[in-house]
Number of protein chains: 2
Amino acid sequence: MKLTILGCYSATPRTFTNPTSQVLEMNNHIFLIDCGEGTQVELRRNKIKFSRIKHIFISHLHGDHFFGLIGLVSTFRLLSRDIPLHIHGPKGIKEAITLQLKLSNSWTDYPLHFHELTNTESEIVFEDEKVVVRTIPLQHRVYCNGFLFQEKPGDRTLLIDKVSDYDIDKVYYRAIKKGKDVVLDNGTVISNEELTDPPKPVKSYAFCSDTKYNEEKIPLIKDVTVLYHESTFLESHKHLCAKTGHSSAIEAATIAKKANVGSLILGHYSTRYENIELFREEAQTVFDDVEIADDGKVFEY
Amino acid sequence: MKLTILGCYSATPRTFTNPTSQVLEMNNHIFLIDCGEGTQVELRRNKIKFSRIKHIFISHLHGDHFFGLIGLVSTFRLLSRDIPLHIHGPKGIKEAITLQLKLSNSWTDYPLHFHELTNTESEIVFEDEKVVVRTIPLQHRVYCNGFLFQEKPGDRTLLIDKVSDYDIDKVYYRAIKKGKDVVLDNGTVISNEELTDPPKPVKSYAFCSDTKYNEEKIPLIKDVTVLYHESTFLESHKHLCAKTGHSSAIEAATIAKKANVGSLILGHYSTRYENIELFREEAQTVFDDVEIADDGKVFEY
């Protein structure tokens, strides 16, 4: 699991910071999460192959999270994309993108599918045999979802030496990897635990931006490997959190602690702060394993 | 008159080139012309003060000329702008911008005026006592206008020594600067030419992007100080011009020559070319005074 931060600052793009966008690589998928202005350039800078992006997840329709989407959709067309693109985001996103395509008289040549979200309860938005993606309803000034990306448990690992000892035919291997016991010709039952190791532990990633402090999401993100949680403000401005629908570093850390996550990544910093290390310092008064997102930073798990 | 090129490449923004946007400073106005994705960051990089931009002119609704507009409009709001902003562009631009503001639930706090263009004949889109701006109808794949920025002739320059010689009262100075003759108390007429020098020569700037080769605009841009004309293709790809509604370097130079302009600036290069100097070389086979636009380049006249 690999997370590339394309942008992690709030509000306006500047010469040295970008608004929210990130790329999650999980089981050969490349998921794009949020798409602030300039995302297509940051994708190039970080050498993410455009054609591998098949799903884009947009948390909410504030500009710093989606103004780069129309440019990316258009660039895909200019680059002669032919594979489908799925955009998951709040209701209204289809109208915003298609209106601009219509005005520029340039429809996409590739299949463009919108999956508009209106549900205020968590729901599955993507699923295949290896990965499932769910919304995490957040509390912001407009309708907003985080996204929970979870690997599904894989097969158990065959212990080849053991299997060979019992002279088991290969046709049974697939069933054994799925957890089946084996009955030998003489009627002896060999338990699956003797023939396999458990599957690799699954990894999970929860993206939570933008949101005010709210504990309702904790059951959903319980025990995730990594939680990205917005921390727009330091304690010195915590009085702004409720009004703006944002969280402080300490609030993000409190969620991380209560949800017992493996690791917390902070981001979505207000551009008023020059030293983002202060976010880590404040968060670590509550929760130990804190990382600081920054544009271009890569996290691997 | 000062022209700052924020971006001058066609199609898609890349890590090292920007789509079309430029800033023209003329008689204390700061006019923003086109607004591709990333324009607000380039404005910062070039230290253009946001609050001095009061008029934005959009040539047409292809993404590489206007996808940065919504971000700029939003950033103005976040920066607590209170002075009015005027946006001049093709019909549809108001709907595109206001829909996105509506979706993000963030109307501007400053007055935002749209001046939508539909006329296929040249028309005045802005005028004050010192400057007039007219559309230049262009021929592209969608409705498209260039813009002609012209200084108005200023007052004649008073020759103070001469005026003093005749002991003319100061109350007449304003009339003399406007070109009036003076009648002395004894009835003698002093011709204005004796008391003044002519006004400073006026400057003018014509922005023509995007367009296929078309001579209809020549009377409009006749004798301009500077012509910016798109040259998307070199001769090696001139067969693409008609189909895409673009011009070659030689076509741009031919327009410059026939319009007898002072200087030609080329831009809107296809991103397929690595060496943009070739555009100058080809254009100079037709017209001598050719400059090559590039992102961040400044031209002063």
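**Sheet in chain B**

I first looked up an open sheet in chain B: seven strands in the order 7-8-9-14-15-16-17, with mixed pairing. Strands here are DSSP runs of E of at least two residues, helices are runs of H or I of at least four, and both are numbered from the N terminus. Two strands pair if DSSP finds at least two bridges between them.

The model is predicted: local features need pLDDT of at least 70, side-chain atom pairs count only at pLDDT 80 or more, and totals for chains, interfaces and linings use all residues. Residues are numbered from 1 along each chain as its sequence is written, while chains are lettered from A and ligands numbered from 1 in the order in which they are written.

Which strands stand at the edges? I found strand 7 (124-127) and strand 17 (290-292) of chain B there, each with a single partner strand, so one side of each has no neighbour in the sheet.

I then looked at strand 8 (residues 131-138) and strand 9 (residues 144-151) of chain B. They run antiparallel and are joined by eight bridges. B:Leu138 stands opposite B:Cys144 of strand 9.

**Domains in chain A**

I noted two domains in chain A: domain 1 (2-154 + 200-300) and domain 2 (157-197). The bounds come from an automatic or database domain assignment. The C-alpha centres of the two domains lie 43 Å apart.

**Where the chains meet**

I found 30 residues of chain A in contact with 30 residues of chain B (C-beta atoms, placed from the backbone, within 7 Å). Helix 1 (39-45), helix 3 (69-78) and helix 4 (93-103) of chain A each give two or more residues to the side that touches chain B. 100% of the interface residues of chain A are also interface residues in chain B, so the copies meet through the same surface.

A rotation of 180° with 0.1 Å of shift along its axis superposes chain A on chain B, with RMSD 0.1 Å. In chain A, the C-alpha nearest the axis belongs to A:Gly38, 3.0 Å from it.

**Helix 4 against helix 4**

Helix 4 of chain A packs with helix 4 (residues 93-103) of chain B at an angle of about 170°, with axes 10 Å apart. Axes are lines fitted to C-alpha atoms over the stretch in contact, and angles run from 0 to 180 degrees between N-to-C directions. The two helices are therefore roughly antiparallel (over 145 degrees). A:Leu99 and B:Leu99 are among the residues that make the contact.

Key. Two residues are in contact if their C-beta atoms, placed from the backbone, lie within 7 Å. Copies are superposed by least squares on the C-alpha atoms of residues with pLDDT of at least 70 in both. Angles under 35 degrees count as roughly parallel, over 145 as roughly antiparallel, 65 to 115 as roughly perpendicular and the rest as oblique.
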